[in-house]
Amino acid sequence: MKTTISHIKADIGSLPGHTTVYGPVEEELRKYVTEHSRDLLDDFHISHIGDDLQITMVHNRGIDNAEIHGLAWEAFKAGTKVAKKAGLYGAGQDLLKDAFSGNIKGMGPGIAEMEITERKSEPFIVYMMDKTEPGAFNFPIFKMFADPFNTPGLVIDPNMHEGFRFEIWDVMEGKKIELSSPDQMYDILAMIGSKSRYVIKRVFTKESHEKLPDENVAVVTTDKLSLIAGEYVGKDDPAAIVRIQSGLPASGESLEAFSHPFLVSGWMRGSFNGPMMPVGMKDSKMTRFDGPPRVVGLGFTLKEGRLAGPVDLFDDIAFADARRKAIEMTDHLRRMGPFEPHRLPESEMEYTTLPKVLSNLEGRFTPIEDHINKEKLKEPVREVD
Ligand code: F6R
Ligand code: MG
Ligand code: MG
């Protein structure tokens, strides 16, 4: 029988601003899932990063299951009640719809789910990010599954040598494509470098994988709150599940992808670029300039539906230098204030509050008299020898 891992996350209020979750709300979530999951789940784990609560669930009902999604939705609603009572900021923020209609997709929370053939030992890592967008996973997932300088297993392990298949979503157009690495690596990179539009949704093993053929081995939440709500309602902070070891990236190859603090979008007001800082759970408070953007990695193993762990993987001295570099990058970028490229380009500010500010200025523009208009540009220019 197949096992399903479903990770569902939402921001249902935080304190004092968009900084961190409130203990009693997390407790309520834990209590709700404990009391209502007996016939549904084999196991679960509740955690958080910054202002986002996270539910990792193990069951055998497959992905997109109405009862599993419904359980998470109702748990977030129960948590929202506590958040509202305490006057938390943004209470219930990510629960965009009033009534649950069988699938939590498009309702606000982020979802990453995969149905797997459970191995003798099934190790996996849940990565959770705050103050960024789903495309922030493009860089580290690519490094884990396609870059031999990050993952020498791609060169050394015969099961990894054939590479992996990537399912990439165009979240603007609602289209997807599947590409194979290493043969189509340049095509993959041509897309996923545009991380606000093309996002890696899933990674699969190839058929030739001797231990785990044609299996889903990584999945990322790709929910874009801004596109769901039509206006800015908070950032779509992502999470991912990555299976590891035995013909897949080793735990350390997976973590290695975060050793260099790469730049991501979505910091302060969803409008700034900043470095991705790997931290332990105890450091997952969004403080300086509502950040900097952070990632927590929780390592589990799974046996017949039961979870062991988690291990708080970035809570380690080996990532101290990555944190220091991220803080250095923060100092460097912050000096730019509201200027690009610290601030996002205009095209990406569309779903923020900036267009409202700019629209107030519209009537005050006057034409530039000697403006070189398009017609003038069409006139022939003198030929140069
Ligand atoms: C929210 C976020 C924050 C807020 C900022 C302003 O996840 O990234 O940086 O955008 O704190 O919030 P408001 O407009 O709610 O005061
Ligand atoms: Mg928030
Ligand atoms: Mg958040």
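This is a conversation about how to read some features of the structure above.

Biologist: Before we start, what kind of model is this, and how are things numbered?

Modeller: The model is predicted, so local features need pLDDT of at least 70 and side-chain atom pairs count only at pLDDT 80 or more, while totals for chains, interfaces and linings use all residues. Residues are numbered from 1 along each chain as its sequence is written, chains are lettered from A and ligands numbered from 1 in the order in which they are written, and side-chain values use heavy atoms, with hydrogens and water left out.

Biologist: Okay, salt bridges. How many does the structure hold?

Modeller: A salt bridge is a side-chain nitrogen of Lys or Arg within 4 Å of a carboxyl oxygen of Asp or Glu. Here there are 23 of them. Take Asp-52 and Lys-9, whose side chains meet at 3.5 Å, N to O. Asp-52 is in strand β3 (residues 52-59) and Lys-9 in strand β1 (residues 3-10), so this pair links distant parts of the chain, 43 residues apart. Helices (H or I, at least four residues) and strands (E, at least two) are DSSP runs, numbered from the N terminus.

Biologist: Are Asp-52 and Lys-9 buried or exposed?

Modeller: Buried means under 20% relative accessible area, exposed means over 50%, and partly exposed is in between (1.4 Å probe, protein chains only). Asp-52 has a relative accessible area of 0%, so Asp-52 is buried. Lys-9, at 3%, counts as buried too.

Biologist: Which residue forms a salt bridge with Lys-206?

Modeller: That's Asp-183, with the closest N and O atoms 3.6 Å apart. Lys-206 sits in the loop between β8 (198-205) and β9 (216-220), and Asp-183 in the loop between β7 (175-180) and α5 (185-192), so the pair ties together parts 23 residues apart in sequence. Lys-206 is buried at 14%, whereas Asp-183 is exposed at 58%.

Biologist: And where do Glu-328 and Arg-324 lie?

Modeller: Both are in helix α9 (residues 320-334), four residues apart, which is about one turn of the helix. Glu-328 is partly exposed at 46%, and Arg-324 is partly exposed at 42%. Salt bridges can also join up: Lys-2, Arg-119, Glu-122, Glu-215 and Arg-243 are linked in a network of them.

Biologist: What about the nonpolar core? Which residues touch the most other members?

Modeller: A nonpolar core is a set of buried Ala, Val, Leu, Ile, Met, Phe, Trp, Tyr and Cys residues joined through side-chain atoms within 4.5 Å. The largest one has 40 residues, and Tyr-127, Ile-141, Phe-145, Phe-164, Phe-166, Val-203 and Phe-258 touch the most other members. The elements giving two or more residues to this core include β5 (122-130), α3 (138-146) and β6 (164-170). With five residues, α3 gives the most.

Biologist: Can we zoom in on Val-203? What does Val-203 touch?

Modeller: Contact means heavy atoms within 4.5 Å. Leaving out residues up to four places away in sequence, Val-203 touches several residues, among them Ile-141, Phe-145, Phe-164 and Phe-166. There's also a second, separate core of 28 residues, including Leu-29, Leu-40, Ala-83 and Leu-88.

Biologist: Now the ligand. How many residues surround ligand 1?

Modeller: A residue counts as near a molecule if one of its heavy atoms lies within 4 Å of it. Eight residues surround ligand 1, and the closest are His-18, Tyr-89, Lys-131, Arg-269 and Asp-290. An oxygen atom of ligand 1 is 2.6 Å from an N or O atom in the side chain of Tyr-89, and an oxygen atom of the ligand is 3.4 Å from one in the side chain of Lys-131. With Arg-269, a backbone N or O atom lies 3.0 Å from a ligand oxygen. The protein covers 75% of the 410 Å² of accessible area that ligand 1 has on its own (Shrake-Rupley method, 1.4 Å probe).

Biologist: What is phi for Lys-131?

Modeller: Phi is near 65°, a positive value in a residue other than glycine. Lys-131 is in the loop between β5 and α3, and at 7% relative accessible area Lys-131 is buried. Ser-246 also has a positive phi, near 50°. Ser-246 lies in the loop between β10 and α7 (251-256) and is partly exposed at 37%.

Biologist: Last one: which residues does a cis peptide bond join?

Modeller: Leu-15 and Pro-16 are joined by one, with omega about -5°. Pro-16 lies in the loop between β1 and α1 (23-36). The bond from Gly-309 to Pro-310 is cis as well, with omega near 5°, and Pro-310 is found in strand β15 (residues 306-312).

Terms used. Polar contact = N/O pair within 3.5 Å; in protein donor to acceptor, adjacent residues only side chain to side chain.
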